[in-house]
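Colleague: I'm new to this one. Could you show me the model and walk me through how its descriptions are reached?

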Amino acid sequence: MKKKRLFENIVYGIFLILGLITVGCVLMITVYLVISGLPAIKEIGLVDFLFGKEWASTAAEPKFGILPFILTSIYGTSGAIVLGVPIGFFCAVYLSKFAKKEVRFVIESAINILAGIPSVVYGLVGMLVLVPAIRKVFNIPDGASLLAAIIVLAIMILPSVIKVAVTSLDAVPAEYEDASYALGATKVETAFRVSVPAAKSGIVAAIVLGVGRAIGEAMAVMMVAGNVANMPSLFKSVRFLTTAIASEMAYSSPDSLQRNALFSIALVLFVFIMLINATLNYFLKRDKE
């Protein structure tokens with residue numbers, strides 16, 4: 001008995017240490033971004049930095065307005081969620097509640113492969129296939145645009161949304177569905193009126209993961225969006241917050257205003273993601289209450 005209790009205490013201590021390490025890493029990242037990002041914001045000015053419409057970090061008179069990046073990230077992420085989440089949700093419901101075992105195995109295998117494809121491959125395929133297709137279909141000079149980025153991001157978030165949602169739906173107790181069938185409900189009614197509400201927390205978690213994947217993507221977006229600091233428009237080349245950091249960090253001088261401004265963009269991106277997660281968790285907890 002004493003050995004069993006000692007073993008449980010050891011395991012508890014290991015898990016506690018791992019949890020504290022995770023929290024510590026988040027705090028370290030937060031502190032580092034704040035320390036690195038605030039100096040540029042102070043020098044440029046918070047209003048000019050957040051609401052300036054022009055980014056020219058290497059000009060003779062540099063300008064550091066990131067409003068185009070913020071709006072592009074918001075529009076791009078929102079578009080990817082609008083396209084990707086419904087497809088992922090209905091696919092998850094089908095796999096969990098309606099698909100035969102053979103069909104589910106084939107589709108889940110394809111989803112697993114989709115999840116393992118590197119971001120640069122998504123970007124390469126988008127650049128070689130999607131961008132020329134958009135140029136031809138809409139008869140525009142260049143297909144590298146916000147629309148191309150939205151489509152690529154929508155495809156990239158599908159594996160995360162589907163896999164987490166399927167796991168949540170599979171975890172719904174069979175008794176819930178049996179009771180629904182006993183009351184005369186059909187399979188479709190049971191799936192959407194019983195199983196889905198019971199798995200709501202897991203489905204919301206899947207959406208949060210999708211949002212995080214979409215807003216944090218850089219390489220694939222850089223290859224299909226054009227990477228130009230324009231105000232967002234569906235058929236114009238644009239630059240996201242992530243691609244602004246990735247495209248200029250390599251050639252920015254250490255301790256320069258340009259590099260500090262890039263750290264400030266990272267701070268804004270970090271705060272943006274935290275606000276999204278906090279908002280979704282708030283509504284989730286409110287619905288539970």
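Modeller: Gladly! H5 gives the most to the lining of the largest pocket, with five residues. Please keep in mind that this is a predicted model.

Colleague: Which elements give two or more residues to the lining of the largest pocket?

Modeller: Those are helix H5 (119-138) and helix H6 (146-170). The lining consists of Ile117, Val121, Tyr122, Val125, Gly126, Leu130, Ile151, Val152 and Ile155, and the pocket holds about 160 Å³ of space.

Colleague: How do you know how the residues of that lining divide into nonpolar, polar and charged?

Modeller: Set the names against the classes: Ile, Val, Leu and Tyr count as nonpolar, while Gly counts as polar. Gly126 is in the lining, and the tally is eight nonpolar, one polar and no charged.

Colleague: What makes H6 and H9 roughly parallel or roughly antiparallel to each other?

Modeller: Their packing angle is about 160°, and angles over 145 degrees count as roughly antiparallel. H6 and H9 are therefore roughly antiparallel to each other. Helix H9 spans residues 200-216, and the two axes lie 8 Å apart.

Colleague: Is the crossing of H6 and H9 left-handed or right-handed?

Modeller: The crossing is right-handed.

Colleague: Which residues of H6 and H9 meet?

Modeller: From H6 come Leu153, Met156, Ile157, Ser160, Val161, Val164, Ala165, Ser168 and Leu169. From H9 come Gly202, Ile203, Ala206, Leu209, Gly210, Arg213 and Ala214. By class, this contact has eleven nonpolar, four polar and one charged residues.

Note on methods
Residues numbered from 1 in each chain as written. Predicted model: local features only at pLDDT ≥ 70, side-chain atom pairs only at ≥ 80, totals over all residues. Heavy atoms only, no water. 1 Å grid on protein atoms, 1.4 Å probe; cavity = no way out; pocket = protein on both sides within 12 Å on 5 of 7 lines; lining within 4 Å. Points joined across faces, edges and corners; volume = space filled by probe spheres on them. Helix = DSSP H or I, 4+ residues; strand = E, 2+ residues; numbered from the N terminus. Axes fitted to C-alpha atoms, helices over the stretch in contact; angles between N-to-C directions. Parallel < 35°, antiparallel > 145°, perpendicular 65-115°, else oblique. Left-handed = near helix turned anticlockwise from the far one by under 90°. Contact = heavy atoms within 4.5 Å.
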